[in-house]
Amino acid sequence: MANLDIKLKVDASGLSCPLPILKATQGIKTVESGELVEVIATDPGSVKDFDAWAKATGNALVEQDSADGKFRFVLRRK
Amino acid sequence: MTAAAADKPKKLVIIDYSGELEKTWATMILASTAGAMEMETTVFVTFWGLQTFVKDKKRITGENWMQKMMSFMQRPGASHRKLSKMNFMGMGPWMMFKLAKKYNVAKPKDLLEMAMAMGVQFLPCQMTMDMFGLKREDLIEGMGEPVGAATALQLMTEADSTLFI
């Protein structure tokens, strides 16, 4: 895990589909282009969903890892 | 940035025809997520679907006795949708909302508000408004101008994907 300059953290733990994606979208709109947003989710479906969301929107999925049933996503605003 | 995202935005049209809770839920999940995915999303709201967009606090709508009777028999509003199966006088929806709360699933009304905030356009069907005697002030804030079938079809022919729910 590199030392990333995270601008905003979004905790979507416990939330079901599609809320992690919606919360992430609301969050990323509050940062500037090129800045990073970290999202934590517990919904296993969010792994594929964030990939699809990144492909569709053009925002980059910089990092993705998981530990203890938590999924972590680092997104860079386009 | 991927090649797909650099292209013009994908377009989605949803025809929101049904007013049942489970179908309304599907419409709102897909509309809000499409908004989050920066798809240009239009929801054409017609027939029973339009009942979802009547303000929750409205009890009776319509001008003549038949329209009023219709709204009395099935209460309009996003928070008052019934299940098509296992409604059991409201027990079914009550349990659905209990489960939704337990598992942190957003309610249709919340998803609708998020979809609107993300730029999803909801267009009421003029004919349905006329038939049910619905006025613009009966409907929630934030909807587009009422349109007809020709507008819906025009949007559908230009869309990348169309759903009839």
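Predicted model: local features only at pLDDT ≥ 70, side-chain atom pairs only at ≥ 80, totals over all residues.

Reader: Why is B:Met73 called exposed?

Author: The term exposed requires a relative accessible area over 50%. B:Met73 has 53% relative accessibility, and therefore counts as exposed. The residue is found in helix H3 of chain B, which covers residues 65-73.

Reader: Which residues form the nonpolar patch on the surface of chain B?

Author: B:Met73 belongs to the patch together with B:Trp48, B:Ile60, B:Trp65, B:Met66, B:Met69, B:Met70 and B:Phe72. Together these residues have about 890 Å² of accessible area.

Reader: How do you know that the radius of gyration of chain B agrees with that of a compact globule?

Author: For 165 residues, a compact globule would have a radius near 15 Å; chain B has 16 Å, and therefore the two agree. Along its principal axes, the C-alpha trace spans about 55 × 40 × 25 Å.

Reader: What is the pattern of secondary structure in chain B, read along the sequence?

Author: The pattern is α-β-α-β-α-α-α-β-α-α-β, and the totals are seven helices and four strands. Of the contacts between residues at least 6 apart in sequence, 71% join residues at least 24 apart.

Reader: How many aromatic pairs are there over all chains, and why is the pair A:Phe50 and A:Trp53 called edge-to-face?

Author: The count comes to seven aromatic pairs over all chains. For A:Phe50 and A:Trp53, the distance is 6.1 Å centre to centre and the angle between the planes is 70°. A pair requires centres within 6.5 Å, and edge-to-face requires planes over 60 degrees apart.

Reader: What separates A:Phe50 and A:Trp53 along helix H2 of chain A?

Author: About one helical turn separates them, because they are three residues apart in helix H2 (residues 46-57). A:Phe50, A:Trp53 and A:Phe73 form one aromatic cluster.

Reader: Are A:Phe50 and A:Trp53 buried or exposed?

Author: Buried means under 20% relative accessible area. A:Phe50 has 0% and is therefore buried; A:Trp53 has 1% and therefore counts as buried.

Technical notes
Residues numbered from 1 in each chain as written. Chains lettered and ligands numbered in written order. Heavy atoms only, no water. Patch = residues over 30% accessible without salt bridge, like charges linked within 9 Å, V, L, I, M, F, W, Y side chains within 5 Å. Areas by Shrake-Rupley, 256 points an atom, 1.4 Å probe, with all protein chains shown as cover. Salt bridge = Lys/Arg side-chain N within 4 Å of Asp/Glu carboxyl O. Helix = DSSP H or I, 4+ residues; strand = E, 2+ residues; numbered from the N terminus. Buried < 20%, exposed > 50% of the residue type's maximum accessible area, 1.4 Å probe, protein only. Rg over C-alpha atoms; globule rule 2.2 N^0.38 Å. Contact = heavy atoms within 4.5 Å. Phe/Tyr/Trp six-rings, centres within 6.5 Å; stacked < 30°, edge-to-face > 60°.
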